[in-house]
Amino acid sequence: APLQLFEYDHKPGNYCLMLTDNHMLQCEEVFAANGREANGYGWADVALQIIRTSAPELEKKFGMDPEAGMFVAYGSDVDALKELGALMHAAFHDHASLAGLVKNAPYEYD
């Protein structure tokens with residue numbers, strides 16, 4: 001928690017890692033302090049920064065489809081999504097670490 005990992009009912013073997021807006025608000029101040037929004041696009045940029053700095057092996061192992069109120073990463077490589085989920089979970093709960101990720105995150109989605 002707060003990220004959820006589940007297999008799509010309509011597409012067995014494909015998975016989704018999701019963070020919804022009701023949880024994103026818990027980190028809103030961290031994003032705002034760095035001139036960013038704590039929305040799905042901001043979290044997608046954080047995910048890209050995590051991949052670039054901590055887990056380059058995850059690059060291109062899943063797709064991302066953020067929206068204003070939701071972060072979504074999806075794909076068939078459940079282990080890659082689990083690893084991303086663990087890294088994002090750690091950042092979500094460590095606001096100092098999250099601040100560094102937000103500050104240096106690319107503006108690819110936001």
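1. Helices here are DSSP runs of H or I with at least four residues, numbered from the N terminus. Q49 lies in one of them, helix α3. The model is predicted: local features need pLDDT of at least 70, side-chain atom pairs count only at pLDDT 80 or more, and totals for chains, interfaces and linings use all residues. Residues are numbered from 1 along each chain as its sequence is written, and side-chain values use heavy atoms, with hydrogens and water left out.

2. Is Q49 buried or exposed? Q49 has a relative accessible area of 11%, so the residue counts as buried (buried is under 20%, exposed over 50%, partly exposed in between, with a 1.4 Å probe and protein chains only). Leaving aside residues up to four places away in sequence, Q49 touches L101, N104, A105 and P106. Contact means heavy atoms within 4.5 Å.

3. Helix α3 spans residues 40–54 and helix α5 residues 95–104. Their axes come within 9 Å and cross at roughly 100°, so the two helices are roughly perpendicular. Axes are lines fitted to C-alpha atoms, for helices over the stretch in contact, and angles run from 0 to 180 degrees between N-to-C directions. Roughly perpendicular covers 65 to 115 degrees; under 35 is roughly parallel, over 145 roughly antiparallel, and the rest oblique.

4. On the α3 side of this contact are W43, V46, Q49, I50 and T53; α5 supplies L98, L101, V102 and N104. By class, that gives six nonpolar, three polar and no charged residues. Nonpolar means Ala, Val, Leu, Ile, Met, Phe, Trp, Tyr, Cys and Pro; charged means Asp, Glu, Lys and Arg; the others, Gly among them, are polar.

5. Helix α4 (residues 78–93) also packs on α5, at about 110° and with the axes 5 Å apart. This pair is therefore roughly perpendicular too. A91, F92 and H93 of α4 meet H95, L98 and L101 of α5. The contact holds four nonpolar, two polar and no charged residues.

6. The whole structure has three aromatic pairs. Rings of Phe, Tyr and Trp (its six-membered ring) pair if their centres lie within 6.5 Å; planes under 30 degrees apart are stacked, over 60 edge-to-face, the rest tilted. F6 and Y8 pair edge-to-face, 5.8 Å centre to centre with 80° between the planes. F6, at 31% relative accessibility, is partly exposed; Y8, at 22%, is partly exposed. F31, W43 and F92 form one aromatic cluster.

7. R36 lies over the face of Y107, 3.6 Å from the ring centre. The criterion is NZ of Lys or CZ of Arg within 6 Å of the ring centre and within 35 degrees of the ring normal.
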